[in-house]
Amino acid sequence: MDLKLSGKTIIVTGGGSNIGRAISLRLAAEKANVVIADWDEDQASKVVNEIKNDGGEATVIKTDVTDNAQVEDMIKKATDKYGPIDVLVNNVAGAGGGHDDLFINETRDKWERIIDYTLWSVINCTRAVLDQMVERKSGVIVNIGSDAGRMGEYKEAVYAGCKGAVIALTKALAREVGKFGIRLNVVCPGLTVPDDKEAVGSKSVWSGEMIDFFNPEARAKAAKSYPLRKIGKAEEIADAVAFMSSDCASHITGQTLSVSGGYTMM
(Lines give C-alpha, C1' and ligand atoms only; values in the text may rest on other atoms or scores of the structure.)
Protein backbone atom coordinates (compact mmCIF):
# COMPACT_ATOMS: atom_id res chain seq x y z
CA MET A 1 0.00 0.00 0.00
CA ASP A 2 1.34 3.42 -0.98
CA LEU A 3 0.89 5.65 2.05
CA LYS A 4 1.69 8.72 -0.06
CA LEU A 5 4.25 10.01 2.43
CA SER A 6 6.87 10.60 -0.25
CA GLY A 7 8.35 14.07 0.06
CA LYS A 8 6.58 14.78 3.35
CA THR A 9 8.61 16.41 6.10
CA ILE A 10 8.32 14.37 9.29
CA ILE A 11 9.90 15.00 12.69
CA VAL A 12 10.48 12.04 15.00
CA THR A 13 11.55 13.00 18.50
CA GLY A 14 13.87 10.47 20.11
CA GLY A 15 14.18 8.88 16.68
CA GLY A 16 17.54 7.27 17.33
CA SER A 17 16.70 4.35 19.62
CA ASN A 18 14.30 1.41 19.76
CA ILE A 19 10.74 2.51 18.82
CA GLY A 20 11.91 5.89 17.57
CA ARG A 21 14.56 4.27 15.40
CA ALA A 22 12.02 1.88 13.89
CA ILE A 23 9.63 4.77 13.20
CA SER A 24 12.39 6.78 11.51
CA LEU A 25 13.40 3.84 9.32
CA ARG A 26 9.79 3.04 8.42
CA LEU A 27 8.90 6.58 7.43
CA ALA A 28 12.12 6.95 5.46
CA ALA A 29 11.21 3.77 3.58
CA GLU A 30 8.07 5.64 2.49
CA LYS A 31 10.39 8.29 1.00
CA ALA A 32 9.57 10.91 3.61
CA ASN A 33 12.17 13.48 4.66
CA VAL A 34 12.86 12.40 8.23
CA VAL A 35 14.15 14.80 10.89
CA ILE A 36 15.42 12.99 13.97
CA ALA A 37 15.27 15.29 16.99
CA ASP A 38 17.34 13.53 19.63
CA TRP A 39 19.69 14.48 22.42
CA ASP A 40 21.88 11.45 21.58
CA GLU A 41 23.40 12.84 18.41
CA ASP A 42 25.76 9.90 17.91
CA GLN A 43 23.01 7.28 17.96
CA ALA A 44 20.69 9.41 15.82
CA SER A 45 23.49 9.86 13.29
CA LYS A 46 23.79 6.08 12.99
CA VAL A 47 20.11 5.90 12.06
CA VAL A 48 20.52 8.73 9.54
CA ASN A 49 23.38 6.80 7.95
CA GLU A 50 21.19 3.66 7.77
CA ILE A 51 18.51 5.66 6.01
CA LYS A 52 20.89 7.30 3.56
CA ASN A 53 22.60 4.00 2.79
CA ASP A 54 19.17 2.73 1.73
CA GLY A 55 18.61 5.72 -0.52
CA GLY A 56 16.43 7.69 1.89
CA GLU A 57 16.65 11.24 3.17
CA ALA A 58 17.15 12.14 6.83
CA THR A 59 18.95 14.53 9.11
CA VAL A 60 19.58 14.79 12.83
CA ILE A 61 19.07 17.92 14.89
CA LYS A 62 20.42 17.58 18.41
CA THR A 63 17.55 18.58 20.69
CA ASP A 64 16.58 18.32 24.33
CA VAL A 65 12.81 18.34 23.89
CA THR A 66 12.30 19.40 27.51
CA ASP A 67 13.91 22.75 26.59
CA ASN A 68 11.37 24.86 24.73
CA ALA A 69 14.00 27.14 23.18
CA GLN A 70 15.81 24.15 21.72
CA VAL A 71 12.52 22.78 20.39
CA GLU A 72 11.65 26.03 18.64
CA ASP A 73 15.15 26.18 17.14
CA MET A 74 14.81 22.57 15.94
CA ILE A 75 11.50 23.31 14.21
CA LYS A 76 13.05 26.32 12.46
CA LYS A 77 16.06 24.31 11.28
CA ALA A 78 13.86 21.46 10.06
CA THR A 79 11.58 23.87 8.19
CA ASP A 80 14.53 25.70 6.65
CA LYS A 81 15.98 22.41 5.38
CA TYR A 82 12.90 20.57 4.13
CA GLY A 83 10.00 23.00 4.16
CA PRO A 84 6.87 23.07 6.35
CA ILE A 85 6.36 20.23 8.81
CA ASP A 86 3.74 17.77 7.60
CA VAL A 87 3.90 15.28 10.46
CA LEU A 88 5.20 15.40 14.04
CA VAL A 89 5.76 12.14 15.90
CA ASN A 90 6.16 12.81 19.62
CA ASN A 91 8.06 9.68 20.51
CA VAL A 92 10.27 10.84 23.38
CA ALA A 93 8.89 9.61 26.68
CA GLY A 94 9.95 8.11 29.96
CA ALA A 95 13.61 8.93 29.44
CA GLY A 96 13.71 10.28 32.95
CA GLY A 97 12.19 7.15 34.40
CA GLY A 98 14.52 4.32 35.22
CA HIS A 99 13.59 1.63 37.71
CA ASP A 100 9.91 1.31 38.52
CA ASP A 101 9.11 1.81 42.17
CA LEU A 102 6.23 2.48 44.51
CA PHE A 103 5.00 6.06 44.43
CA ILE A 104 5.77 6.59 48.13
CA ASN A 105 9.37 5.49 47.61
CA GLU A 106 10.18 7.78 44.69
CA THR A 107 11.79 11.19 44.87
CA ARG A 108 10.43 14.46 43.56
CA ASP A 109 13.47 14.78 41.29
CA LYS A 110 12.47 11.56 39.56
CA TRP A 111 8.85 12.68 39.17
CA GLU A 112 9.98 15.95 37.64
CA ARG A 113 12.21 14.14 35.12
CA ILE A 114 9.36 11.84 34.13
CA ILE A 115 6.96 14.77 33.74
CA ASP A 116 9.50 16.74 31.69
CA TYR A 117 10.22 13.94 29.23
CA THR A 118 6.81 12.34 29.08
CA LEU A 119 4.47 15.34 29.10
CA TRP A 120 6.31 18.63 28.67
CA SER A 121 8.19 17.28 25.64
CA VAL A 122 4.84 16.64 23.91
CA ILE A 123 3.50 20.08 24.86
CA ASN A 124 6.68 21.84 23.70
CA CYS A 125 6.91 20.12 20.32
CA THR A 126 3.19 20.29 19.60
CA ARG A 127 3.00 24.00 20.33
CA ALA A 128 6.06 24.67 18.19
CA VAL A 129 4.54 23.13 15.02
CA LEU A 130 0.89 24.14 15.39
CA ASP A 131 1.15 27.68 14.05
CA GLN A 132 2.46 26.59 10.67
CA MET A 133 0.02 23.68 10.50
CA VAL A 134 -2.90 26.02 11.25
CA GLU A 135 -1.67 28.47 8.62
CA ARG A 136 -1.44 25.72 6.00
CA LYS A 137 -4.68 24.06 7.21
CA SER A 138 -2.93 20.72 7.15
CA GLY A 139 -0.89 18.56 9.49
CA VAL A 140 -0.69 15.36 11.50
CA ILE A 141 0.56 14.77 15.02
CA VAL A 142 1.05 11.24 16.31
CA ASN A 143 1.79 10.92 20.01
CA ILE A 144 3.36 7.78 21.40
CA GLY A 145 1.41 6.92 24.51
CA SER A 146 1.46 3.79 26.62
CA ASP A 147 -1.04 1.25 27.81
CA ALA A 148 0.07 2.38 31.28
CA GLY A 149 -1.82 5.60 30.57
CA ARG A 150 -4.99 3.72 29.64
CA MET A 151 -5.20 1.40 32.62
CA GLY A 152 -2.76 2.64 35.26
CA GLU A 153 0.26 0.46 35.91
CA TYR A 154 1.72 -0.90 39.13
CA LYS A 155 4.84 1.01 40.18
CA GLU A 156 4.43 3.50 37.34
CA ALA A 157 2.08 6.03 38.94
CA VAL A 158 3.57 9.29 37.67
CA TYR A 159 4.54 7.85 34.28
CA ALA A 160 1.04 6.41 33.84
CA GLY A 161 -0.45 9.73 34.91
CA CYS A 162 1.61 11.57 32.31
CA LYS A 163 0.67 9.13 29.55
CA GLY A 164 -2.97 9.50 30.51
CA ALA A 165 -2.49 13.25 30.23
CA VAL A 166 -0.99 12.83 26.74
CA ILE A 167 -4.10 10.90 25.69
CA ALA A 168 -6.43 13.59 27.09
CA LEU A 169 -4.31 16.38 25.58
CA THR A 170 -4.50 14.69 22.20
CA LYS A 171 -8.30 14.47 22.35
CA ALA A 172 -8.71 18.07 23.47
CA LEU A 173 -6.41 19.43 20.77
CA ALA A 174 -8.06 17.24 18.12
CA ARG A 175 -11.30 19.06 18.93
CA GLU A 176 -9.62 22.46 18.81
CA VAL A 177 -7.70 22.17 15.56
CA GLY A 178 -9.78 19.74 13.52
CA LYS A 179 -11.39 22.71 11.75
CA PHE A 180 -7.94 23.47 10.33
CA GLY A 181 -7.56 20.00 8.85
CA ILE A 182 -5.11 18.90 11.55
CA ARG A 183 -5.36 15.40 12.97
CA LEU A 184 -3.95 14.14 16.28
CA ASN A 185 -3.91 10.52 17.44
CA VAL A 186 -2.14 8.35 19.98
CA VAL A 187 -0.40 5.02 19.45
CA CYS A 188 0.09 3.07 22.69
CA PRO A 189 2.76 0.38 22.80
CA GLY A 190 3.01 -2.25 25.45
CA LEU A 191 6.43 -3.55 26.44
CA THR A 192 8.54 -3.19 23.30
CA VAL A 193 12.06 -4.51 23.63
CA PRO A 194 14.83 -3.71 21.13
CA ASP A 195 16.22 -6.70 19.25
CA ASP A 196 19.79 -5.96 20.25
CA LYS A 197 21.93 -3.36 21.96
CA GLU A 198 22.87 -1.81 18.63
CA ALA A 199 19.30 -0.52 18.30
CA VAL A 200 19.72 1.81 21.28
CA GLY A 201 22.13 4.53 22.24
CA SER A 202 24.14 4.96 25.40
CA LYS A 203 21.64 7.55 26.70
CA SER A 204 18.62 5.27 26.23
CA VAL A 205 16.89 3.73 29.22
CA TRP A 206 17.46 0.39 27.48
CA SER A 207 21.21 0.75 27.92
CA GLY A 208 20.80 0.88 31.69
CA GLU A 209 18.32 -0.51 34.17
CA MET A 210 16.14 -2.36 31.65
CA ILE A 211 19.01 -4.29 30.14
CA ASP A 212 17.65 -7.54 31.68
CA PHE A 213 15.08 -7.74 28.90
CA PHE A 214 17.86 -8.71 26.50
CA ASN A 215 17.83 -11.99 28.46
CA PRO A 216 15.60 -14.56 26.66
CA GLU A 217 14.26 -15.87 29.98
CA ALA A 218 13.17 -12.38 31.05
CA ARG A 219 11.46 -11.86 27.70
CA ALA A 220 9.65 -15.18 27.93
CA LYS A 221 8.42 -14.40 31.43
CA ALA A 222 7.15 -10.96 30.40
CA ALA A 223 5.42 -12.38 27.32
CA LYS A 224 3.09 -14.43 29.53
CA SER A 225 1.25 -11.22 30.46
CA TYR A 226 0.07 -10.75 26.88
CA PRO A 227 -2.78 -12.61 25.15
CA LEU A 228 -0.58 -13.10 22.07
CA ARG A 229 2.17 -14.48 24.33
CA LYS A 230 4.83 -12.28 22.78
CA ILE A 231 6.52 -8.97 23.41
CA GLY A 232 6.05 -6.23 20.87
CA LYS A 233 8.60 -5.35 18.24
CA ALA A 234 9.48 -1.76 17.45
CA GLU A 235 8.61 -2.34 13.80
CA GLU A 236 5.02 -3.17 14.79
CA ILE A 237 4.66 0.21 16.46
CA ALA A 238 6.27 1.89 13.46
CA ASP A 239 3.71 0.37 11.08
CA ALA A 240 0.86 1.84 13.13
CA VAL A 241 2.56 5.25 13.25
CA ALA A 242 3.10 5.21 9.47
CA PHE A 243 -0.60 4.46 8.95
CA MET A 244 -1.74 7.21 11.32
CA SER A 245 0.66 9.65 9.62
CA SER A 246 -0.81 8.98 6.21
CA ASP A 247 -3.94 9.99 4.33
CA CYS A 248 -5.14 6.41 4.79
CA ALA A 249 -6.15 7.67 8.26
CA SER A 250 -7.64 10.91 6.92
CA HIS A 251 -10.92 10.47 8.84
CA ILE A 252 -9.32 9.40 12.13
CA THR A 253 -8.60 11.94 14.85
CA GLY A 254 -8.64 12.06 18.64
CA GLN A 255 -8.25 8.29 18.84
CA THR A 256 -6.03 6.03 20.90
CA LEU A 257 -4.76 2.82 19.33
CA SER A 258 -3.08 0.17 21.47
CA VAL A 259 -0.44 -1.86 19.67
CA SER A 260 0.35 -4.03 22.64
CA GLY A 261 -0.53 -7.63 21.95
CA GLY A 262 -3.84 -7.22 23.72
CA TYR A 263 -2.38 -6.11 27.04
CA THR A 264 -5.30 -3.69 27.30
CA MET A 265 -8.55 -4.03 25.37
CA MET A 266 -10.37 -0.70 25.51
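Hi everyone, and thanks for having me. Before we look around, please keep in mind that this is a predicted model, where local features need pLDDT of at least 70, side-chain atom pairs count only at pLDDT 80 or more, and totals for chains, interfaces and linings use all residues. Residues are numbered from 1 along each chain as its sequence is written, and side-chain values use heavy atoms, with hydrogens and water left out.

Let's start with helices. Please find helix α4, residues 108–136, and helix α6, residues 157–177. How do they pack? Their axes are 9 Å apart, at an angle of about 15°. Here an axis is a line fitted to C-alpha atoms, for helices over the stretch in contact, and the angle runs from 0 to 180 degrees between N-to-C directions. Therefore α4 and α6 are roughly parallel to each other. That label covers angles under 35 degrees; over 145 is roughly antiparallel, 65 to 115 roughly perpendicular, and the rest oblique.

The crossing of α4 and α6 is right-handed. In a right-handed crossing the near helix is turned clockwise from the far one by less than a right angle, and in a left-handed one anticlockwise.

Which residues of α4 and α6 meet? On the α4 side they include W111, I115, L119 and V122, and on the α6 side they include Y159, C162, V166 and L169. Contact, by the way, means heavy atoms within 4.5 Å. The residues of this contact divide into 15 nonpolar, 2 polar and 1 charged. For those classes, Ala, Val, Leu, Ile, Met, Phe, Trp, Tyr, Cys and Pro count as nonpolar, Asp, Glu, Lys and Arg as charged, and the others, Gly among them, as polar.

Let's stay with Y159 for a moment, which is found in helix α6. Y159 and I115 are 44 residues apart in sequence, yet 7.3 Å apart in space, C-alpha to C-alpha. The cut-offs are under 20% for buried, over 50% for exposed, and partly exposed in between, using a 1.4 Å probe and protein chains only.

W111 from that helix contact also brings us to the rings. How many aromatic pairs does the structure hold? There are 3. To pair, rings of Phe, Tyr and Trp (its six-membered ring) need centres within 6.5 Å; planes under 30 degrees apart are stacked, over 60 edge-to-face, and the rest tilted. F103 and W111 are a stacked pair, 4.7 Å centre to centre with 10° between the planes. W111 is buried at 16% relative accessible area, while F103 is partly exposed at 45%.

Another pair is Y226 with Y263: the ring centres are 4.9 Å apart and the planes are at 35°, so this pair is tilted. Y226 sits in the loop between α7 (216–223) and α8 (234–245), and Y263 in the segment after β7 (256–259), so the pair ties together parts that are 37 residues apart in sequence. Y226 is buried, at 7% relative accessibility, and Y263 is partly exposed, at 27%.

Back to helices for one more packing. Helix α1 (residues 18–29) and helix α2 (residues 41–53) have axes that come within 10 Å and cross at roughly 25°. That makes α1 roughly parallel to α2, and their crossing is right-handed. R21, S24, L25 and A28 in α1 meet V47, E50 and I51 in α2. By class, this contact has 4 nonpolar, 1 polar and 2 charged residues.

Finally, some loop residues. Where is N91? Look in the loop between β4 (87–90) and α4. N91 is buried, at 11% relative accessible area, and its contacts beyond four places in sequence include V12, T13, G14 and I144. S246 is in the loop between α8 and β7 and is buried, at 0%. Not counting residues up to four places away in sequence, S246 touches L3, L5 and R183.

Last stop: R229, in the loop between α7 and α8. R229 has a positive phi of about 55° although it is not a glycine, and R229 is exposed, with a relative accessible area of 56%.

Terms used. Helices (H or I, at least four residues) and strands (E, at least two) are DSSP runs, numbered from the N terminus.
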